[in-house]
Amino acid sequence: MNLISLIGLPLLTAVAILLMRNPQQVKWTALIGATLQFALAFALLFTFRNERAAGNEAQMLFELQYNWFPSLHISFHLGVDGISVAMILLTAFVVIAGVLVSWNVTKMTKEFYFLLILLSFGAYGFFISLDLFILFFFLEIAVIPKYLLIGIWGSGKKENAANKLALMLMGGSALVLVGLLGVYFGSPERTFDLISLSQLHIPITVQKICFPLLFVGFGVFTALFPFHTWVPDGHSSAPTAGSMFLAGISMKLGGYGCLRVATYMMPDGAKEYANIIIVLSTIAILYGAFATMMQKDLKYINAYSSVSHCGFVLLGIGMLTKTAMTGAVMQMVSHGLMTALFFAVIGMIYERTHTRQVNEMGGLLKVMPFITTVLFIVGLCSLGLPGLSGFVAEMTILMGSWQQPDTFHRVATIAACMSIVVTAVYILRAIGQTAMGPIKAEFSNLTDAAWNEKLAAVILIAGIIAIGIAPFWLNDLVSPAADIIMHKVAGK
Amino acid sequence: MNDLLQIRVLQVLPLGWDLGWALILIPLLPLAGFLLLGLFGRKYLQRSSGILATLLLLSSTVLSLYTAYGYFFEFGKVDGIYQKIIPFQFTWLQFSPGVSIDMGVILDPISVMMLVVVSFISLMVHLYSLAYMKGEERFPTYFAFLGLFTFSMLGLVMSSNIFQMYFFWELVGVSSFLLIGYYYDRPSAVAACKKAFIVTRFADLGFLIGILVLAFYAGTLDFNTLIQRLTSTSAPEFQAAIASSFLGVSALTWALVLVFIGGAGKSAMFPLHIWLPDAMEGPTPVSALIHAATMVVAGVFLVARLFPVFSMSPPALDVVAYTGIFSALFAALIACTQTDIKRVLAYSTMSQIGFMMFALGVSGWGGENGLGFTASMFHLFTHAMFKALLFLGAGSVIHFIHSNEMKDMGGLRKYLPVTHITFLIACLAISGVPPFAGFFSKEEILLAAFNHNPAIYWTALITSGLTAFYMFRLYFSVFWNKEATVHGEHHGEGGFAMMLPLVLLAAGAAFAGFIPFGNFVSTDGKPLESAFHLQFSIAPVLLGLAGIFTAMWLYKKQNDRPASIAASLSGFYKAAYHKFYMDELYLFITKKILFNLIGRPAAWFDKNVVDGMVIGAGNTTQAISEKIKQFQSGKVQQYAIYFLAGVIGLAVLFIYIWK
């Protein structure tokens with residue numbers, strides 16, 4: 001399979017959107033493009049599995065390499081392993097759902113869809129890049145549309161939120177860039193190639209400086225404590241699809257970067273700073289959960305809960321065991337699907353009730369059975385109900401964390417475990433106040449979900465359940481790749 | 001994927017027992033009901049959903065009985081010992097070599113017994129609900145949730161892997177949540193379902209950490225392997241678990257106590273019982289199924305499943321025993337003062353589960369020592385019959401009188417003859433009057449306690465007297481006493497669908513005691529001859545009769561004796577009436593400590609300090625830039641330039657250092 005198609009397709013779709021004349025054409029073009037992406041992602045999954053089943057044990061499959069800028073040692077190097085495939089699948093799910101829920105966007109429809117598709121282009125590119133330079137290029141492509149999506153189509157204090165988000169994400173990318181340059185100049189050989197760099201032994205002094213730069217830089221994207229404050233404001237001001245992309249895709253760019261770039265390339269740095277990562281992520285898990293408990297706005301609830309759930313991703317990475325790392329990737333996929341669905345359903349509720357304050361709602365189960373059922377499912381996934389994806393991911397991380405037998409790791413693991421109780425508290429509070437209880441008179445005539453909303457929800461729920469009841473396929477996909485990273489860390 | 005899905009057949013079973021299919025269908029039929037009714041119920045199956053769900057469950061029950069017959073009488077016993085058979089198992093999620101969640105089925109005496117109990121009681125409840133819930137708007141949803149619950153509970157009892165059990169354990173919790181919150185527009189039901197879920201979740205935290213510890217030492221999550229490794233004193237796993245200790249207690253004991261906390265949460269043991277009385281907000285048949293006969297005994301089942309390991313750690317067994325006996329007495333005292341009939345039954349459930357728990361706690365391993373184990377399982381079995389019957393009977397009463405309060409009832413024996421007789425049988429059974437079922441199981445429990453720990457024995461004896469008292473207080477207040485005002489036309493007892501379960505369960509409550517239970521269920525799989533001691537039975541039976549006659553004296557006819565006794569015991573009575581202020585204590589902990597001392601500061605800190613720093617950083621940059629460069633700030637592009645400048649600066653630095 002040619003990986004160029006993965007970035008070519010969204011690019012073509014984006015161009016096609018620009019050529020369309022009316023919103024109707026734009027929407028259908030975007031939907032067709034997203035559907036093709038979806039199909040392509042599955043095609044990638046199946047060809048990948050077939051290759052592996054046929055005994056192709058290469059670390060990266062479907063590699064492509066063009067010498068792009070030989071004088072600066074930049075090459076256009078693409079390739080995927082199980083982790084990338086998982087992230088690409090996640091992106092495809094979120095993109096199609098995001099396009100579907102935005103069906104009623106009337107303001108500058110063409111530009112809106114163009115930016116959405118452009119963002120997916122950046123994300124796919126990021127997940128398949130094996131050259132640090134182009135990886136960074138795609139990262140930036142995925143960031144910039146965010147600013148416009150919030151600034152133009154957002155709500156509330158959108159300019160402020162857009163600025164804060166752009167500032168912090170740009171700050172994160174700047175750290176990444178500095179770290180990458182540090183690696184480039186610090187490694188024994190001048191190259192931007194990720195695979196070659198991982199095989200060269202980057203001097204420990206360079207790792208000690210560059211690892212934190214890269215980890216924090218990517219960490220900003222994935223709500224590393226205390227650089228998470230863009231999350232609540234950014235999400236609450238973003239349009240529905242914007243929030244979905246932000247939480248479902250952008251936050252995963254960071255997690256993937258922490259894993260693939262920082263940890264894989266600089267395993268000694270990872271070992272050096274692992275304990276700090278664990279402390280910060282444990283704080284994020286508990287602190288995010290407790291902060292969520294006090295929120296009244298549904299978007300803030302999901303945003304803070306994302307801080308908590310993404311803390312699990314970083315915890316899984318920081319634990320430096322194969323199981324926990326596999327769990328971290330699973331958690332990224334799971335959280336991406338779940339949070340996209342959560343934001344989608346919040347958007348659906350908001351469009352009807354014109355409020356996101358949980359104490360102003362109540363009894364919505366009576367008038368919108370479909371939407372509230374989705375809310376129940378996503379809430380239960382968030383609190384880790386077995387049969388849904390969150391359980392699988394978090395349990396894998398916890399099992400992996402417990403493999404570290406010293407007291408420090410034990411305390412962190414138990415603290416992380418405790419969040420499952422706090423999560424239950426805030427999720428049930430939110431659901432109880434929104435969906436249950438007596439219904440207010442002004443809401444008694446609301447309608448249930450439309451076809452596009454139902455389809456978006458069903459697609460995301462299918463993903464959540466597919467992981468929840470049959471996690472072995474995701475585990476098979478991710479765990480060999482995590483094993484390779486762990487081998488590096490173990491110094492073999 | 002394909003190689004993982006392959007089913008590992010561990011034992012070829014005798015001809016005629018195509019067990020794989022039968023077993024797999026037992027939980028899957030209710031699941032199919034859940035999916036079918038959940039997805040299409042509202043639109044297409046509004047009327048027929050109940051019948052459909054009941055038929056599916058009937059098939060499940062038949063298959064369970066078939067399995068039980070096969071296991072106990074045909075293939076389960078090899079050389080006089082009941083075997084643990086794993087007909088199949090597949091790897092669901094591999095964590096590390098040897099440690100994986102496997103989904104499988106285990107057949108041993110306790111799981112087979114539970115299969116029968118769960119599917120039979122669930123069938124009775126389905127049948128009863130056909131009439132009881134008739135005309136409800138969310139009729140299909142109700143049956144869908146019942147299906148989900150039954151699926152999860154059956155999955156739980158069949159689990160061959162401890163994490164598989166946790167999986168179904170949580171599913172059971174959520175189905176209980178959905179069913180308690182069935183009347184979602186009542187604020188009290190919403191509060192109750194949240195409370196039930198959160199309290200049990202808190203307990204599950206213990207279970208989860210316990211699993212982590214057990215898995216770490218045993219190096220496996222599979223029940224059989226785990227038990228094998230942690231019960232043989234020569235195994236390195238066992239020695240490691242005994243050798244390492246924390247706060248002077250061995251890791252093994254810690255793990256077991258943590259697991260027990262999970263069990264105590266589900267089984268409503270003190271102090272995690274506070275959700276159970278509130279759970280009565282759910283429809284009454286649900287209370288019969290979940291909060292009396294099946295889900296609440298999951299904790300007992302969990303301890304029983306891990307019993308071989310528990311028996312290696314006397315301190316852990318003591319925790320089980322003392323928690324059990326304390327809960328039994330505590331709940332019995334509260335039950336004597338409650339006026340809501342469902343709440344009386346809820347506390348009675350808690351008390352009876354306390355009996356099962358301490359029976360396990362006083363039990364040992366093997367032969368005669370294992371009497372407590374057998375007795376506990378026996379009591380679980382008989383209790384499921386008579387407690388489900390009591391709840392369904394209460395349902396008939398509530399259905400008839402439209403109130404849960406005893407003060408609105410009285411003299412109902414004339415209107416509800418079948419309910420009256422069956423309720424009386426259940427009351428006699430739970431009070432331990434021979435020859436009803438409860439007599440036999442409770443005798444065994446008392447005997448086991450007597451052999452092991454006199455303090456527990458005497459407390460249990462007093463509690464069983466109290467049990468007889470509060471049950472007959474309930475019985476006389478509802479069916480005798482004053483004449484209740486019955487409004488105009490009443491719809492009798494609700495017809496055949498409601499009567500049949502009552503009669504069948506009453507038959508169980510009356511005769512289940514004659515089953516030679518020790519022949520089937522024992523610690524080591526060998527038949528346990530339970531000797532019957534006449535002189536030993538005298539004390540409990542007399543105490544039970546004393547309780548009954550006291551209740552009769554106080555409540556058979558309307559009089560002011562109960563009020564004056566309550567007044568003379570004023571302080572104690574008030575404390576018991578207010579459930580010893582446990583709810584208030586919890587409210588204080590959650591509201592004042594969790595929300596105000598942790599949640600609120602965290603949210604404030606985030607908004608003002610962490611975010612404040614970000615805004616401060618932004619503002620500082622802005623201020624500096626304005627001062628130095630007189631720029632018109634506020635544009636992100638300019639910040640980008642600053643970053644770029646910084647980047648270039650650092651890049652230069654790097655080049656300088658490493659070039």
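**Helix packing, chain contact and one buried threonine**

In chain A of this predicted model, helix H5 (residues 132-153) and helix H10 (residues 240-265) pack at an angle of about 155°, their axes lying 11 Å apart; helices here are DSSP runs (H or I) of at least four residues, numbered from the N terminus, and axes are lines fitted to C-alpha atoms over the stretch in contact, with angles running from 0 to 180 degrees between N-to-C directions. H5(A) and H10(A) are therefore roughly antiparallel, a term for angles over 145 degrees. The contact (C-beta atoms, placed from the backbone, within 7 Å) involves A:Leu139, A:Ala142, A:Lys146, A:Leu149, A:Ile150 and A:Trp153 of H5(A), which meet A:Gly242, A:Leu246, A:Ser250 and A:Leu253 of H10(A).

Between the chains, 51 residues from chain B and 54 residues from chain A take part in the contact. On the side of chain B that touches chain A, H7(B) gives the most, with 12 residues.

Within chain B, B:Thr253 belongs to helix H10 (residues 251-266) and is buried, because 23 other C-beta atoms lie within 10 Å, where 20 or more are required. Leaving aside residues up to four places away in sequence, B:Thr253 touches B:Ser313, B:Pro315 and B:Ala316, while B:Met312, 59 residues apart from B:Thr253 in sequence, is 8.9 Å apart from it in space, C-alpha to C-alpha.

Residues are numbered from 1 along each chain as its sequence is written, and chains are lettered from A and ligands numbered from 1 in the order in which they are written. As the model is predicted, local features need pLDDT of at least 70 and side-chain atom pairs count only at pLDDT 80 or more, whereas totals for chains, interfaces and linings use all residues.

Definitions and conventions
Helices (H or I, at least four residues) and strands (E, at least two) are DSSP runs, numbered from the N terminus. A residue is buried if 20 or more other C-beta atoms lie within 10 Å of its own, exposed if 12 or fewer, and partly exposed in between; C-beta atoms are placed from the backbone. Two residues are in contact if their C-beta atoms, placed from the backbone, lie within 7 Å. Angles under 35 degrees count as roughly parallel, over 145 as roughly antiparallel, 65 to 115 as roughly perpendicular and the rest as oblique.
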